[in-house]
Amino acid sequence: MTDVDRQIERAADALERARSRTAPRNSRTRRKREAEVARRVGRIAIADATIIVGALVLGAFVPLGIGGAFLVMALLIAATMFFAVYPVEKAPPPERLAETPIRALPSQTERWLESQRPALPAPAQTLVDSIGVKLETLAPQLATLDDREPAAGEVRKLVAEQLPELVKGYDRVPQPLRRVERNGATPEQQLVDGLKVIDEEISKMTEQLAQGDLDLLATRGRYLQIRYQGDSEV
């Protein structure tokens, strides 16, 4: 094999690895976009139907005339535009995650984490995508888990407490200091390292839940201890 062939082979391998990393993100984004479009269309249909039915009922008692017809058209256009741009579902504040039922925790955390993604550095965004995929996998396994189980407490501690605190701790660091090294690492690197730990922990929790090993999961008790620039600490 010549050097050119080896370089081509390495380039092909690199491209394949890149595709495998982006595939879950692209698939998840596409599913979310399709679901959001469906919800928007549904809201628009309900609003427009309500306006039309209301106009028909009112028209049965009071002639609407040309002015009334134009008013109904204006209301239909306004309702369509409003529900087309208004957020389908807002991300929950991180304070509410700790109170979320365990079966709904993965989806709520994923929604909140996705809202934080644009403000994070590129390596952290990749990990956010990976965590989002793992949360989707974790969700069905938590559907039958009792909130009072110690295992549920460990999942909640990681997903609803440590993960938001990690991201909020990074957000508290002033922008100019996020790439300034302190104690051997920058706040950006600390964020990435912390997200890697959480990503790995969610994978381990998923495996243990799949195996029904709730006792092992309940006794994991691992905590993230990452110090940020200034006085912030996770």
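This passage describes helix α4, its packing against helix α5, and the residue Asn183 in a predicted model. Local features require pLDDT of at least 70 and side-chain atom pairs count only at pLDDT 80 or more, whereas totals for chains, interfaces and linings use all residues. Residues are numbered from 1 along each chain as its sequence is written, and side-chain values use heavy atoms, with hydrogens and water left out.

Helix α4 comprises the 12 residues 105–116; helices are DSSP runs of H or I with at least four residues, numbered from the N terminus. Leu105, Pro106, Gln108, Thr109, Glu110, Trp112 and Leu113 of α4 are buried (under 20% relative accessible area, 1.4 Å probe, protein chains only).

Helix α5 (residues 122–142) packs on α4 at an angle of about 165°, with the axes 8 Å apart; axes are lines fitted to C-alpha atoms over the stretch in contact, and angles run from 0 to 180 degrees between N-to-C directions. The two helices are therefore roughly antiparallel (angles over 145 degrees). In contact (heavy atoms within 4.5 Å), Pro106, Thr109, Glu110 and Leu113 of α4 meet residues of α5 including Val128, Ile131, Leu135 and Leu142.

Asn183 lies in the loop between α6 (150–172) and α7 (187–210). Phi of Asn183 is near 55°, a positive value in a residue other than glycine. Asn183 is exposed (over 50%), with a relative accessible area of 69%.

Technical notes: Expected span 1.5 Å × (residues − 1). Parallel < 35°, antiparallel > 145°, perpendicular 65-115°, else oblique.
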